[in-house]
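Subject: Structure handover

Hi,

Here is the structure I promised to pass on. Please have it open while you read, as my notes follow below.

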Amino acid sequence: MTETNTKSHISPPCILVIFGAAGDLTKRKLVPALYNLRKNDLLPDNFAIIGVARAEMDTAEFRSRLRDEMKEFATEKVEPEVWDWIEQRLSYLSGDFDDEQTFTHLKDALEKLDRERDTSGNYCFYLATAPQYFAPVIQKLGAAGLTKEGKDRWRRVIIEKPFGSDLKSAQKLNRDIKRVLKEDQIYRIDHYLGKETVQNILVFRFGNGIFEPIWNRRYIECVQITAAEKVGVEQRGGYYEQAGALRDMVPNHLLQLVTLTAMEPPVSFDAHAVRDEQAKVLHAAQCPSPAEAAQRTVRGQYDAGVIGGEAVPAYRSEPNVAPDSSVETFVALKILIDNWRWSDVPFYLRTGKRLAARDTEIAIKFRSAPFMLFRDTEVNQLSGNRLVLHIQPDEGISLSFGAKVPGPILNIGAVNMNFDYEDYFGDVPSTGYERLLHDCMMGDATLFQRADQVEAGWAVVAPIQEAWANGPPPDFPNYEAGAWGPKEADELLARDGHSWDETHDIRGQNRLR
């Protein structure tokens with residue numbers, strides 16, 4: 001039985017403006033997400049979408065292009081009636097983001113749609129652009145008067161990652177956009193937080209009385225967070241040469257998972273209350289010297305290998321990658337949080353390309369029970385219990401505990417209890433962006449990063465960036481495609497007496513040791 005809130009969740013009338021509408025994100029995620037929202041009756045009739053990009057095309061061509069692309073990227077079979085509703089609300093504006101005329105034309109188009117669709121002057125601007133356009137686009141929106149709110153209208157801006165490339169650039173970007181926007185108008189998006197399991201962390205921890213009392217250093221030995229991908233950099237070599245695994249994944253995705261796992265109970269689910277507690281976790285993260293940071297991190301780059309029986313190339317052989325590149329495609333690190341709840345509990349993070357499986361999870365390893373009761377039995381060791389929150393590809397929760405093996409001799413075997421979202425609640429087609437788009441339209445910023453969170457995240461990785469900049473990179477490549485990264489990643493945990501949690505990307509297989 002599920003508990004539901006009968007209050008209507010249809011978003012208010014508004015216009016969604018997508019900058020970079022001719023790019024991959026729009027066709028792969030945003031338009032399919034809007035389709036799913038409409039199918040679930042979460043979008044109002046007074047709604048419209050304007051795509052803005054440099055590509056030369058008109059509205060009819062834009063609609064036709066997205067109609068064809070939906071056949072490939074929709075999360076389920078497209079229902080003509082639902083798609084027609086979306087298509088009728090699609091329009092397109094061709095223009096350069098550096099040209100002020102683009103924003104003059106956009107203002108005219110918005111005013112026209114306001115009258116036609118009765119959208120109450122509410123605008124949501126989605127910056128699905130290259131990062132260098134974030135501040136200039138926002139500044140030009142402000143100059144055109146498009147960010148000015150009134151008593152009965154709102155104006156909001158969604159900003160994609162990466163938000164800066166280090167602490168200094170993130171601080172500058174925050175300053176630049178805050179000259180135009182108030183903090184409550186800024187929605188810094190992290191699509192990981194659109195995952196059901198990520199959202200469920202708060203419900204799991206704070207809505208169940210059996211877990212929160214043991215969610216601390218007395219009972220938890222370590223926390224492991226993995227974000228592994230089987231794919232390589234594909235056509236993103238140019239971007240990856242500038243970013244690397246550390247910048248691409250750690251300050252945003254992985255540290256967001258850390259904060260949700262480690263935060264104190266907020267006073268409410270109000271956005272400010274939740275984000276206050278998340279920020280406290282980042283501020284409590286130990287700030288090591290660059291020398292200590294180097295000891296707590298491992299970086300790797302994939303070589304050629306075999307994945308799923310198919311030969312795949314080395315990173316240095318990928319398109320738009322330098323043949324002698326020293327950019328990391330894998331990073332593992334150890335973080336310590338200096339507060340009462342988590343003192344001396346290591347948080348191990350790893351992420352990488354061309355790994356053995358596609359798997360994102362949070363594994364909680366509990367301390368082992370005292371062995372003394374079993375010392376005169378056939379039991380020669382006791383394993384700690386593990387709780388694993390599976391985020392992708394299969395969202396669910398697993399719990400491992402010990403039970404007596406049937407028979408006259410006392411032996412303990414591992415038992416795994418697996419909860420799968422799809423099996424229990426049914427399959428809900430999703431791109432991961434539905435909740436985030438809807439929340440922005442509703443004015444709920446709980447799952448979006450605040451300025452201080454972004455800067456605190458970069459502050460956590462700043463010593464690592466400094467250590468890596470001042471020290472020579474390893475002898476790359478140092479792991480084969482299809483492995484779990486370089487051997488040094490295993491040694492990072494072995495020094496503390498730990499090992500990485502076993503992961504699999506096949507539903508129903510044992511995911512725990």
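Strand 7 pairs with strand 14 (residues 359-366) in the antiparallel sense, over eight bridges; strands count as paired if DSSP finds at least two bridges between them. In that pairing, Ile220 stands opposite Phe366 of strand 14. Strand 7 also runs parallel to strand 13 (residues 346-352), and six bridges join them. Here Gln224 is the residue opposite Tyr348 in strand 13. Eight of the nine residues of strand 7 (residues 220-228) are buried, so the rest of the structure largely encloses it. Buried means under 20% relative accessible area, exposed over 50% and partly exposed in between, with a 1.4 Å probe and protein chains only.

A word on the source: this is a predicted model, where local features need pLDDT of at least 70 and side-chain atom pairs count only at pLDDT 80 or more, while totals for chains, interfaces and linings use all residues. Residues are numbered from 1 along each chain as its sequence is written, and side-chain values use heavy atoms, with hydrogens and water left out.

Now the overall picture. The protein has 14 helices and 18 strands, which are DSSP runs numbered from the N terminus (helices H or I, at least four residues; strands E, at least two). Its radius of gyration is 24 Å, close to the 24 Å that the globule rule gives for 513 residues, so the protein is as compact as a globular protein of that length. That radius is taken over C-alpha atoms, and the rule is 2.2 Å times the number of residues to the power 0.38. Buried residues make up 52% of the 513 residues.

On to the aromatic residues. The whole structure holds 16 aromatic pairs. Rings of Phe, Tyr and Trp (its six-membered ring) pair if their centres lie within 6.5 Å, and planes under 30 degrees apart count as stacked, over 60 as edge-to-face and the rest as tilted. Tyr187 and Phe448 have ring centres 5.0 Å apart and planes at 80 degrees, so they form an edge-to-face pair. This pair links distant parts of the chain, 261 residues apart: Tyr187 is in strand 6 (residues 186-188), and Phe448 is in the loop between helix 12 (434-442) and helix 13 (451-470). Tyr187 is buried at 2% relative accessibility, and Phe448 is buried at 1%.

Another edge-to-face pair is Tyr240 with Tyr315, whose ring centres are 6.3 Å apart and whose planes lie at 65 degrees. Tyr240 belongs to helix 8 (residues 237-262) and Tyr315 to the loop between strand 11 (310-312) and strand 12 (330-336), so the pair ties together parts 75 residues apart in sequence. Tyr240 is buried at 2% relative accessible area, and Tyr315 is buried at 0%.

Which residue touches both Tyr240 and Tyr315? Thr329 does, and its other contacts (heavy atoms within 4.5 Å) include Gly300, Lys353 and Tyr479. Thr329 lies in the loop between strand 11 and strand 12 and is buried, with a relative accessible area of 0%.

Elsewhere, Phe19, Phe97, Phe103, Tyr123, Phe125 and Tyr133 form one aromatic cluster. Arg54 lies over the face of Phe97, 5.7 Å from the ring centre. A charge sits over a ring if NZ of Lys or CZ of Arg is within 6 Å of the ring centre and within 35 degrees of the ring normal.

Best wishes

Definitions and conventions:
Lists of a residue's contacts leave out its neighbours within four places in sequence.
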